[in-house]
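Welcome! Take a moment to look over the structure below, and then we will walk through it together, starting with one residue.

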Amino acid sequence: MKHFIRISLLTVAAAVAAMPAIAAGGGASPGEASEIAALEPTKLVSASRDRVTIAGASIHLGDLFSNTGAKAGIVVENAPAPGAQAVFDVYRLAAIAQSYGLVWQARSWGEKVVIERSGQIVPEEQIVATLRAAVEKELAAEGRFEVDVVTRDFGLTLPVDMPAVINVEGLRIHRASGQFTATVTAPALPSPQRITLTGRVHRVIEVPTLTRRISAGDIIGREDVQWTSLRAERVGRNVVTDIDRLLGMTPTRTLVAGKSVLAGEVQAPRIVSKGSVVLMLLKTPHMVLTSKGTALEHGARGDTIKVMNTQSKTVIEGTVTSTGTIEVSVAAFSPLAIPQAASAAKTAGR
């Protein structure tokens, strides 16, 4: 049986002897093959390791066969793309050996050599950063944007001996939806690699957020506010975007740091408390009248609250000032309170 296998394998070599010499990617022509074969005496060679890793752009005879001597550097064909591989089965090995004057005997019908070309992988992070720079350049006049790539498991593998330089070509952005397509290439390659990326760009705006946890009743100061970048579509109409609408305000409930603040979550700090004694004030071009009252509601600066006149027990409305007094109109004062208040004003005038 062993003799049968050996005879069959030798028959393979004899069968391919009539095949033309392999000329793809730098292989020798029939005339050149005869000159190459004469480089040194014919001797028995063996196939190389089952798997061979190369770095260059060519596959050499010495990559496929061992013990080839001066013929080891002969280029057989172009190497596969970086990161890819080429498989040489028993028939290809026999044809190549015959073309270059090598005496080779296969060990089995399944014998093969796998040539794998090493490469450097351009990471996805670098590709996305290059794409983001191209998008920002394209949309520079329209504000700031974030790039969200939909394509998954993408990357480029380049030869180890060339710089990892990539370009973005054919960038197309749909302004209304933000969807984009772009082609990323490695231009230094003889046959540049290309990958197509798709995704969406998102407009980014700056909104004021809190730097610390702030409870109801605390006053928000400038040191408590920072600017945070958020995607515009995530900023609702009720989100505070003007820092002046936070400064000097107090939360209606405890707020955490880093999150956007809704308009209803802050209010002016309370100056007047319900049940407290307040001074009601009436100003006219000719006199100033005052009277005491009891606040029936809480009030911040600028709020209109109800106050009960201490003497007349009349409930009136007035506006809270920054000092805690309640400014009222002429009609709001009780007639019973006006004479006393006027008397006090006249006494004060003397």
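## A buried arginine

In this predicted model, Arg231 has a relative accessibility of 16%, so Arg231 counts as buried, the cut-off being under 20%. You can find Arg231 in strand 15, which covers residues 225-231.

Which side chains does the side chain of Arg231 meet through polar contacts? One is the side chain of Glu146, at 2.8 Å. Another is the side chain of His202, at 3.4 Å. If we set aside neighbours within four places in sequence, the residues in contact with Arg231 are Glu146, Asp148, His202, Arg203 and Val204.

Three strands form an open sheet in the order 4-1-7, and their pairing is mixed. Strand 4 (65-66) and strand 7 (103-104) are the edge strands; each has a single partner strand, so one side of each has no neighbour in the sheet.

Strand 1, made of residues 44-47, runs parallel to strand 7, and two bridges join them. Here Val45 sits opposite Trp104 of strand 7.

## The whole chain

Stepping back, the protein chain contains six helices and 24 strands. Of its 350 residues, 37% are buried. Its accessible surface is about 19,600 Å², with 53% of that belonging to carbon and sulfur atoms.

How values were computed:
Residues numbered from 1 in each chain as written. Predicted model: local features only at pLDDT ≥ 70, side-chain atom pairs only at ≥ 80, totals over all residues. Heavy atoms only, no water. Helix = DSSP H or I, 4+ residues; strand = E, 2+ residues; numbered from the N terminus. Buried < 20%, exposed > 50% of the residue type's maximum accessible area, 1.4 Å probe, protein only. Areas by Shrake-Rupley, 256 points an atom, 1.4 Å probe, with all protein chains shown as cover. Pairing = 2+ DSSP bridges. Polar contact = N/O pair within 3.5 Å; in protein donor to acceptor, adjacent residues only side chain to side chain. Contact = heavy atoms within 4.5 Å.
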